[in-house]
Amino acid sequence: MIKVENLHHSYNNDEEYAVKDASFKIPQGEIFGFLGPSGAGKSTTQGILTGLLPLQKGIVTVAGYDVKTIKRKMFNKIGMSFEQSNVYSKMTAKENLDFYKKLFDVETRDSEELIKLVGLDGKENVRAGEFSKGMKHRLTFARSMINNPELWFLDEPTTGLDPAIAADIKDIIREQNKKGVTIFLTTHNMFIADELCNRVAFIVDGEIKLIDSPKKLKLEYGEQLVEVEYQKNGDIATETFSTVLAEDKKRLQDVIAKYDIQSMHTKEATLEEIFIKVTGRGLA
Amino acid sequence: MKLWHSFKKEILLATRGFYFYVEIAMAGLFLFLLLFVIPENFDHRVDEYLFYDVPDSAWGYFESELLEMDEDGSAEVVEIELDKKIISGSLYQTEENNYYVLDDQRQAISLADSERAFAGVIHMDELGEVTYTYYMQGYETDRLRNIYAVFHNESMDVLESAFDAQDVQVLHEDQVLLSDRQNILPSFLTFNGSLMGMFILASYIFLDKKEGVIKAYAVTTSPVWQYLLSKVGVITLTSLVTSLIITIPVMGTQPNYLGMLVFLLGTGFAASALGLVIASYFDDITHSFGVLFGLVIFLMLPNIAYFIPTWDPIWMKYIPTYAMLEGFKEILLPGGDMAYILMASFGFFIAGLVLFLFANMRFKKTLTI
């Protein structure tokens, strides 16, 4: 669905690249996470893929279209949910969606159904200017589904949303993916990436450092650990043991035999920890 | 169809916004000024204060001369304020002058001083010799002073024969002039229809930039030029409506409304496209204000030449609003020059097209800013 080869982009047309030699492929039906801290080149890459930025160097194919010479028809297949909400504040939620419905040449979704889907039912005829930040974000998210996109670009889809709404949004993303929609998810939130993505790419300073599935990354870079809480001399003690090292395994058996165990659970490395390990950079 | 939907959306946004009503209110204000403040024709008559120091027997002769010139053939007794006192005098009105005849020489001179006007004292001695003393402000031209000198030092016979010898040919006998009120209209139409359009279009774009909706539009199948053209369309339509609000009550059926429609489409398109170009270089109206304000001032310069025909330098004619003023004037005049209107409209349309294409290129490049 997306094919990127040797992509470079410089805002000043010089050697200061915001994106350097990026290459990746995303097959149809995959949720691909594009992860990195602010200024890493996530939005620049996404901008080029969606035609908001011109392609300077490299080969980019999106939904079967060469991005070098973008055809407007390409946008029938694409949905884009922006990080910053961008809806007409003087138009109601329904008017906003109804207007965008008319800008596509394919069958579109019912505005009221989408409004309901993102939890804004009852607000159809309220002007977006009266919405909270989170509500505007949900309307922007709903708009990105209006043309039943085959390829869906999501930029920080759960930012600024309360946990319950964020969970609903994640469910919608999973639901769309089940229908075969390919998703390009740009985020610096490792938890949502871990929950949703089939594969993730780590990007730092414009360079893709690694691409793999979260599961494989955890196996490769994470340690298999067991955290145990037990009573020792009237106090609660906590220790972490490796399930790989022989010495730790023996020590764990000793603790189980000797002490009264309060709790015991396995602990795997988070995607964020792996990111820091691989790139040497945090996500802040 | 997408362009039509975008246009409808822009109309909806405009009617829910502030700037649309600013334009309508401005048109209403201009109309109010034209109908209730600005007279049909300004009073160009110059005040002159006269004192006749002549015997009663001779006054009858001078008075008959004044009455002969007076528009209604009778003197009007008037009260004039001088040094916080009310004095009386007789007023004789001609097409060009208000002659105030006073009872006291000092009053005439004092009024000339306080009113920055002209005073004359006509004195006749015992021998019947008449002398004229003029009190002027000191800034009068040599030409005027020479006229007075010639007038009183040359015999009337010589002057009359010189006047008679002058051959005057009228080139346009059927020429119709606009009244002073109507003559102001081209200036208002240029300001309201075109310059306001440029300013308001830029404001609409800045509002959209703030809301980020241009980016959302850019990822649809509708090209950015349609988004820009729909904005231009709304501005042009508003210009058309506001221009008619001003023109119809003042001019009635006299103007060439078809010509006006064509001209407003051309000028409105050019001014809006200029607004688009400016808006493409800035993020918000605050940063662009200096450029917009400077440009409006520059484009208003031809107004000076319009109202002061003696100051009409060649370079002024290259400022587009000069052609706008002339075009609107031709539209308002009965039998105005249609060829000029069409040529100017075409010129503005071409200029607008170049600016529009440039703005479109700029917006495509700066969508992520």
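**Sheet, helices and cores**

Mentor: Start with chain A, where six strands form an open sheet in the order E6-E7-E8-E3-E9-E10, with mixed pairing. Keep in mind that this is a predicted model.

Trainee: Which strands are at the edges of it?

Mentor: Strand E6 (78-81) and strand E10 (207-212) of chain A, each of which pairs on one side only.

Trainee: And what does the twist average from one strand to the next?

Mentor: The twist averages 15°.

Trainee: How many bridges join E9 of chain A to E10(A)?

Mentor: Five, and the two strands run antiparallel; E9 covers residues 199-204 of chain A. As one example, A:Ala201 has A:Ile211 in E10(A) as its bridge partner.

Trainee: What holds paired strands together in general?

Mentor: Strands of a sheet pair through backbone hydrogen bonds, either parallel or antiparallel.

Trainee: Switching to helices. At what angle do H7 and H11 of chain B cross?

Mentor: Roughly 170°, and their axes come within 11 Å. H7 spans residues 180-211 and H11 spans residues 285-300, both in chain B.

Trainee: So what do we call that arrangement?

Mentor: Angles over 145 degrees count as roughly antiparallel, and therefore H7(B) and H11(B) are roughly antiparallel to each other.

Trainee: Which residues make the contact?

Mentor: H7(B) contributes B:Leu195, B:Phe199, B:Ala202, B:Ser203 and B:Phe206. From H11(B) come B:Ile285, B:Ser288, B:Leu292, B:Val296 and B:Leu299. By class, the residues of this contact are eight nonpolar, two polar and no charged.

Trainee: What about between the chains: how many residues does each give to the contact?

Mentor: Chain B gives 20 residues and chain A gives 23.

Trainee: Which element gives the most on the chain B side?

Mentor: H1(B), with five residues. The elements of chain B giving two or more residues to that side are helix H1 (2-15) and helix H8 (213-218). By class, the chain B side has eight nonpolar, seven polar and five charged residues.

Trainee: Last topic, the nonpolar core. Which residues have the most contacts inside the largest one?

Mentor: A:Phe184 and A:Leu185, in a core of 130 residues.

Trainee: What does A:Phe184 touch, leaving aside its neighbours within four places in sequence?

Mentor: A:Phe184 is in contact with A:Ile2, A:Ile26, A:Phe32, A:Phe34, A:Gln46, A:Leu49, A:Leu151 and A:Phe153.

Trainee: Which residues does the second core include?

Mentor: Among them are B:Val101, B:Leu102, B:Ala108 and B:Leu111. That core is separate and has 14 residues.

Note on methods: Residues numbered from 1 in each chain as written. Chains lettered and ligands numbered in written order. Predicted model: local features only at pLDDT ≥ 70, side-chain atom pairs only at ≥ 80, totals over all residues. Axes fitted to C-alpha atoms, helices over the stretch in contact; angles between N-to-C directions. Helix = DSSP H or I, 4+ residues; strand = E, 2+ residues; numbered from the N terminus. Parallel < 35°, antiparallel > 145°, perpendicular 65-115°, else oblique. Contact = placed C-beta atoms within 7 Å. Nonpolar A, V, L, I, M, F, W, Y, C, P; charged D, E, K, R; others polar. Core = buried A, V, L, I, M, F, W, Y, C linked by C-beta atoms within 7 Å. Buried ≥ 20, exposed ≤ 12 C-beta atoms within 10 Å, placed from the backbone. Pairing = 2+ DSSP bridges.
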